[in-house]
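Please work through each task before reading its solution.

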Amino acid sequence: MSIAPAVLRLAGTVAGLVLVAAQTTTASAAPPARSPALHAPARDSATWSAPLSTQGRYIVDGQGNRFRLKAANWDGAQGSWTGNGSVTDPANHHAGQNSYGIPLGLDRVPLDGLLADFHELGINTIRLPFSNEMIHGTTPVPDSAVGANPRLRGKTPLQIYDAVVGALGESGFAVILNNHTNTSRWCCGIDGNERWNTGQSTRQWADDWVFMARRYASVPRVVGADLYNEVRRNVLDDPNWGLGDDHDWYSAAQLAADRILTEANPRLLVVIEGINWTGVPVDGLPHGRPALTPARTLSHTLVDAHKLVYSAHFYGYTGPHHSGATGIGETHDPRYQDLTREQLDAALDDEAFFVEETGRHYTAPVWVSEFGIGTNETNAAARTWFGNITDYLAGHDADFAFWPLVGFEGHDDWSLLRYDSAGHRTGILDSGDWRGAAWQHLMSASSTTGPVADVPLWRMLGTDHGDAVESLRVRSAGDWDSGAHKAACPDGLRLIGLSHTTGRGLCTDAGATDLRTAEAGQTVVADERYVPAGADWASGYTKLQCPPGGFLIGYSVRGERLSAALCVPARTALSGSGRTVWFDRSDNRPSGAAGGDFAYGDYKGQCAVNEYAAGIAFTTRVGSSPGPDALLCRTLS
């Protein structure tokens, strides 16, 4: 979210290193029953249909048509208190705006009036932040907080959030829920909300997500779960991507996504933001903004391979290695607004938009779910940056969300729409707002529309710290190799590649979509019983081969040692010729290496797209790695 450049953003943190961690609040009251939503006029309800899914770099609607997220952030429910002084004094809230833990503007404009103004902007999606504290709160907001919406009087912040969600959906907007903060405090610095588990356990955080996803499962236009906002360093520790500890954002996001899709609402998109900041912002010490760069070597694979969206935030006063601070925490690194257009484009590509490259294990839509600038901005570099980034988003046909959507006149000049105490509107639609030309260019630029053709999926598996069983059909059959780390491709995909020592795998549907038969059945292969006599395709090695008519979808390991292969029967005859693909001493992959580097730094073997994997060979000889050494690849019939 936006903070004036003079205020510490992330890392005014040099001072934070000598401070006690910020206060957090834990509420334990059970959530109240859901209240009915206020009625709002339907707008554009026939132009798209839920649910949303992904197809390559694009988001598509329920009919397979492109749905570009033209969004804005309606904030407030995540909290506005800055953490200093009395919470009842508006002066101690961001920009002097006390949100009372609910979306801003309900005190001065009727809900249907707000939605009508949102439609006038041309947006189709609302990112709706909330805090975990909001979920558990039981105290009604004061009547003044909903002065223009008397039907909301006497309700808790969660009940008001219910009403807003329902009204947005009825009005035709796609709604993406965003867990912004643990506590209802303004983000984002050293504020007790640095990580999803700063003030609560990862389990409680995931439990809250299951609760929210279930709560709105009956609202079709609630289309996404944006898991957490701007994961960043706290006073002492950095978040990481894949280390398997309590600060591992990769694993926490995988856990929450899995639980949302399997326990709450399988229709939702899952939005995973990259890491916003690591290190101490002091010249000479390591620090920076990793964003989505870790996904190059370790990407997420969900139980529904068409539900992953990656996201990143970009503000002009921050930078690839600049925290955004002025004064304490400021370094000599360039801000994004200091970069030339070409340098900015390169930074955006490197930090986020490489994810949209076709045919990689990380390929997914990228949503710039926050960017923005104020109408009172006079800095020429900042204004140029805004033109450059909107040109980039328009030229790349990117999904985006402006921060923020609503503010109070005379308080938050960043808002697209501002309202005075009488409900009169000003903002980016006015001729005097210098941001208007860039906004209109972004909103009206040519864009891919209509049906999006199917593209092959590539997804990676990793057993680094536990199971990676992403097949619901396999899960339903129970634990197929107790005590081992197990991996299985999402339903509809087959295993096509393996690494030599790191337990990584590569899945695809290229060349054969959903090859598995509809009938139940799978075979766990732990010996050579299915290797035909006279068909030794890896002499001197132990061979785990699928039964006739079967193909590989999974594997298990115990440490580095291969434990078992998981095979399933095909829906069509599989009788193609075979070849042995060795990768014990070097990579052995098809030209072009579709899927990308799914096991960085390790030897990898991979079948061609017109093949399937029917067996794995390994050895337990002293001095040799006990991991996979070869694949049996056979042509698809």
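**Exercise 1.** Determine whether Phe 371 and Phe 386 are buried or exposed, and classify their ring pair.

*Solution.* Both Phe 371 and Phe 386 are buried (under 20% relative accessible area; exposed is over 50%, partly exposed in between; 1.4 Å probe, protein chains only). This is a predicted model, in which local features need pLDDT of at least 70, side-chain atom pairs count only at pLDDT 80 or more, and totals for chains, interfaces and linings use all residues. Residues are numbered from 1 along each chain as its sequence is written, and side-chain values use heavy atoms, with hydrogens and water left out.

Next, the pairing: the structure holds 26 aromatic pairs (rings of Phe, Tyr and Trp, the last by its six-membered ring, with centres within 6.5 Å; planes under 30 degrees apart are stacked, over 60 edge-to-face, the rest tilted). The ring centres of Phe 371 and Phe 386 are 6.2 Å apart and their planes meet at 20 degrees, so this pair is stacked.

**Exercise 2.** Classify the pair formed by Tyr 541 and Trp 582, and state the burial class of each residue.

*Solution.* First, the centres lie 4.8 Å apart with 65 degrees between the planes, which makes the pair edge-to-face. Second, Tyr 541 has 13% relative accessibility and therefore counts as buried, whereas Trp 582, at 30%, counts as partly exposed. Finally, Arg 621 lies over the face of Tyr 541, at 4.8 Å from the ring centre (CZ of Arg or NZ of Lys within 6 Å of the ring centre and within 35 degrees of the ring normal).
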